[in-house]
Amino acid sequence: MTKKILVADDEVHIIHVVAIKFRNNGYEVISADNGAEAYELACKEKPDIIVTDYQMPVMTGLELVEKLRENDQTKDIPVILLTARSFAISKEQQETLQISGCLSKPFSPKELLGNVEDILYSQVGN
Amino acid sequence: MKLGRNLYAMATIIVVCCLLAGFLAEWLDSGTGKDWHSLYRALRIIAFCIGTAGVIWLGWDHWKTTGIITSIAGQLTDEKPANLEINELSNAISKRLKNYSNKTEQLQRQISDLQIQIQLSQKQKRNTEAIIYSLRDPVIVVDELDRLLMANEAAGRLFNFDFQASQHKPIAELICCENVDSDKSECVELLRQSRQSKTEATRREIELQQDGKPKIYDCIVSCVYDDKQQVCGVAAVLHDITREKEISQMKNDFVSHVSHELKTPLASIMAYSEMLSDGEADDEKTKKEFYSVIQNQAQRLNRLIEDILNVSRIESGLIKVNKESVSLTILIEEQLHMIKSYAEEKNIKIIGQKPIVFDQVYADKDMISQVIVNLLSNAVKYTRSGGSVKIESDVDEIASLARISITDTGVGIPADEIEHVFDKFYRVGANKKQAKGTGLGLNLVKQIIEKTHNGRVFVTSQVGVGSTFGFELPLAAKEKVEAA
């Protein structure tokens, strides 16, 4: 079954390039341009993994993760956070919110794909 | 003495009587033939004994009297050395009096010196007080018992006490009214701790409420030492660093925003480049699209860097301003064309105005274009889908001014933040989530209009209704006349 990835970023070009990378590698991609929209989509579509930007209008990436963890339906969805700020999130926060990985912008789509597959593959293994 | 004389008289009489009685007995013995010999002998013996006793007594008495006389005589002969001592004493006293006199003179001189020193000290104290009173930073000096020694008006204002009538009052009572929960109690505690620890100088940032607003003070507390190097008091100087803190926070926010803003287009450029080099774009159309994104993002990066540099150049006065006679209407039209696609993307209606004929201003075309595009893009950025942005221009012939207003139906700005919107790096707190930005755009507008074009910027806003941003520039004719 094709894995579904939700990509949330207010930069349309980032969504576009990441989506192409994932689709080229056999994944289904859904997208949102802010945290609130991403949360709604996550509840509705139950993606296998979420890749979200940290700084977004309406609801930040961190607020999105907090909200996801409060909901029984979405609390176990692994999340990778993309951030242009190196000090945006602490290790403690990362552990508390069960954030699977953090990638600093600018990032390599190849590296992002590798991280996503590692998480999905380890889940299947578990 | 009287008893002695009586005894002496009695003994003499008895001796005489005994001798007479002895002579009488001897005469009677020879005349009468009767034997009176025994009586005569006995009387003579008695007279002899008494006489001998009297002689001894007289001798002893004479010896005693002689001793007394000798003693008196001795005392009398001793008068000469006593006079000598008196003279010596007199000399010593004179000498001492002279010494005392010298010392008195010395002391008087010292008193005189001390009085001069006291006057100088009082003058220095008055000078010091004048300096402390004139300081805008609150200053408090307490003694070793934490009682107020000195304070200035600024301290009185900050801690709400009469600084001239509060000397020797406990500082805790004065500045926090013995309320340990008061925010000012931290200051009292700092003074106490510094005095007890005898630390030369302690520095701490303290937050205090002033006029109902929180203020951050850089509190420097120094111990005051006496001649024996013992702590005899503590002096505290409080410097208001609220503004510095705000600027520092704004700078941090700026670095954070700029870093984000620079990294975002850079992230696109790097991601698309990697995709191209990895052969992920297999058809020509996709490749073309990727190249276009890279180009656009590079331009975006360049614009951002230009904005930062422009602000810096204007502030430092290094920017070259090329003024010429330009029509504001034409500049607006050009910029409207550029912003239209962004507005359409967000479903926002742009309402223009009919061109005004005589709206020529003497200005740098590129700079004013930058102002217009910044104001227009802000209006679109902070207006929700379905809203509108209206551009109006007006000419005040009496004041010789051209005025441009851009009104949106956006989120609006809270009243307490409106005065800061043109500050560098400032972003309205409530609107940060609405859109990204560096907090440089409006500052650049203000710098260009007011610093390089002698104009004026203005803003009015209502939360939930919208905002009007605009500027006024002198008309070209007036500007040229003034320049001539």
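Predicted model: local features only at pLDDT ≥ 70, side-chain atom pairs only at ≥ 80, totals over all residues.
How many residues does helix 7 of chain B have, and how far does helix 7 reach from its first C-alpha to its last? The helix, residues 242-277, has 36 residues and reaches 51 Å.

**Helix 7 of chain B**

- The reach of 51 Å is close to the 52 Å expected at 1.5 Å a residue.
- Several residues of helix 7 of chain B are buried, including B:Phe254, B:His257, B:Glu261, B:Lys263 and B:Tyr272.
- Just after the helix ends, B:Gly279 takes a positive phi of about 75°.

- The largest nonpolar core has 41 residues.
- Among the residues with the most contacts inside this core are B:Val361, B:Val371, B:Ile372 and B:Leu375.
- Elements of chain B that each supply at least two residues of this core include helix 8 (284-316), helix 9 (328-345), strand 9 (388-396) and strand 12 (466-474).
- Helix 10 of chain B gives the most to this core, with nine residues.
- Leaving aside residues up to four places away in sequence, B:Ile372 touches B:Leu331, B:Ile332 and B:Gln335.

**Where helix 10 meets helix 11 in chain B**

- Two packed helices are described by the angle between their axes and the distance between the axes.
- For helix 10 and helix 11 of chain B, the axes come within 9 Å and cross at roughly 145°.
- The crossing of helix 10 of chain B past helix 11 of chain B is left-handed.
- On the helix 10 side, the contact is made by residues including B:Met367, B:Gln370, B:Val371 and B:Leu375.
- On the helix 11 side, B:Gly441, B:Leu444, B:Val445 and B:Ile448 are among the residues that take part.
- The residues of this contact divide into seven nonpolar, five polar and no charged.

- Chain A holds five helices and five strands, and along the sequence they follow the pattern β-α-β-α-β-α-β-α-β-α.
- Of the 126 residues of chain A, 38% count as buried.
- Looking at contacts in chain A with a separation of 6 or more, residues 24 or more positions apart account for 61%.
- Between the chains, 18 residues of chain A are in contact with 20 residues of chain B.
- On the side of chain A that touches chain B, helix 1 (12-24) and helix 5 (109-125) of chain A are the elements that give two or more residues.
- Helix 1 of chain A gives the most to that side, with six residues.
- The residues of that side of chain A divide into nine nonpolar, four polar and five charged.

**A closer look at B:Thr202**

- B:Thr202 is found in strand 3 (residues 201-210) of chain B.
- Why does B:Thr202 count as partly exposed? It counts as partly exposed because it has 17 C-beta neighbours inside 10 Å, while a buried residue needs 20 or more and an exposed one has 12 or fewer.
- B:Thr202 touches B:Leu190, B:Ser194 and B:Val221, not counting residues up to four places away in sequence.
- B:Thr202 and B:Ala236 are 34 residues apart along the chain, and their C-alpha atoms are separated by 9.3 Å.

Notes:
Residues numbered from 1 in each chain as written. Chains lettered and ligands numbered in written order. Helix = DSSP H or I, 4+ residues; strand = E, 2+ residues; numbered from the N terminus. Expected span 1.5 Å × (residues − 1). Core = buried A, V, L, I, M, F, W, Y, C linked by C-beta atoms within 7 Å. Contact = placed C-beta atoms within 7 Å. Axes fitted to C-alpha atoms, helices over the stretch in contact; angles between N-to-C directions. Left-handed = near helix turned anticlockwise from the far one by under 90°. Nonpolar A, V, L, I, M, F, W, Y, C, P; charged D, E, K, R; others polar.
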